[in-house]
Amino acid sequence: MESDIGFQAALEEAKKGAAEGGVPIGACLVSADGKILGRGHNMRAQKGSPTLHGEISALENAGRLPASAYKGATMYTTLSPCDMCTGACILYKVKRVVLGENNTFRGGEDYLKQRSIEVINVKSAECEALMQKFIKEHPEDWYEDIGEDDK
């Protein structure tokens, strides 16, 4: 899965976010027939947004789509999705969520599975290293991003 076009796009987005000084989480929504519908990265810091996580950014960049466009789609994300992003995947009935890693943060994977959404963890060392570096250098931004007080 790490060689998938969707995963590579999500990883590129995460690196772009890191280069901009933001949280290095990227995402890419891919249709059932393999077409990239939208891609994006966490832009909370860059845009001062409380909700612009990577998956939400990818959905936003996909634009307004009919419900049928999400049927069979896969959301690739470099990190286990938070509750908000989990909810968006459930709302739009994506078929599968492929995540880069969940050692840094474990989100709503169990809830996705309960809602019959396939969850695949790529266990990417590169994704984990990006997050570990960011958390070490910007702990206050990280904890704000996941809605927790600074540890």
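Among contacts in the protein between residues at least 6 apart in sequence, what percentage join residues at least 24 apart? Here 53% do, where contact means heavy atoms within 4.5 Å. Before going further, please keep in mind that this is a predicted model, in which local features need pLDDT of at least 70 and side-chain atom pairs count only at pLDDT 80 or more, while totals for chains, interfaces and linings use all residues. Residues are numbered from 1 along each chain as its sequence is written, and side-chain values use heavy atoms, with hydrogens and water left out.

Let's begin with the overall form. The C-alpha trace spans about 40 × 30 × 25 Å along its principal axes. Of the 151 residues, 53% count as buried, meaning under 20% relative accessible area, with exposed over 50% and partly exposed in between (1.4 Å probe, protein chains only). The protein exposes about 7,600 Å², and carbon and sulfur atoms supply 48% of that area, as computed by the Shrake-Rupley method with a 1.4 Å probe.

Next come the elements. The protein has eight helices and five strands, taken as DSSP runs numbered from the N terminus (helices H or I, at least four residues; strands E, at least two). Their order from the N terminus on is α-β-β-α-α-α-β-α-β-α-β-α-α. Strands β1 and β2 (residues 36–41) run antiparallel and are joined by five bridges; two strands pair if DSSP finds at least two bridges between them. Val30 stands opposite Ile36 in β2. Five residues lie between the strands of this hairpin, where Gly34 takes a positive phi near 90°.

Now look inside. The largest nonpolar core has 33 residues, and Leu29, Met75, Val97, Leu112, Met131 and Trp142 have the most contacts inside it. Such a core is a set of buried Ala, Val, Leu, Ile, Met, Phe, Trp, Tyr and Cys residues joined through side-chain atoms within 4.5 Å. Elements giving two or more residues to this core include β1 (26–30), α3 (54–62) and α8 (139–145). Apart from it lies another core, of 13 residues, among them Ala14, Tyr76, Ile120 and Val122.

Helix α3 deserves a visit of its own. Seven of its nine residues are buried, and the buried residues pack against β1, β2, α4 (67–70), β3 (74–77) and α5. One of the residues in α3 is Ser57, which is buried with a relative accessible area of 4%. Leaving aside neighbours within four places in sequence, Ser57 is in contact with Arg39, Gly40, His41 and Leu52. Gly63 follows α3 and has a positive phi near 80°.

Finally, the cysteines. How many disulfides does a search of the whole structure find? It finds zero, a disulfide being a pair of cysteine sulfur atoms within 2.5 Å. The sulfur of Cys28 is 12 Å from the closest cysteine sulfur, in Cys89, so the two are too far apart for a bond. Cys28 is buried, with a relative accessible area of 0%. Cys85 is in no disulfide either, with the nearest cysteine sulfur, that of Cys82, 3.8 Å away. Cys85 is also buried, at a relative accessible area of 0%.
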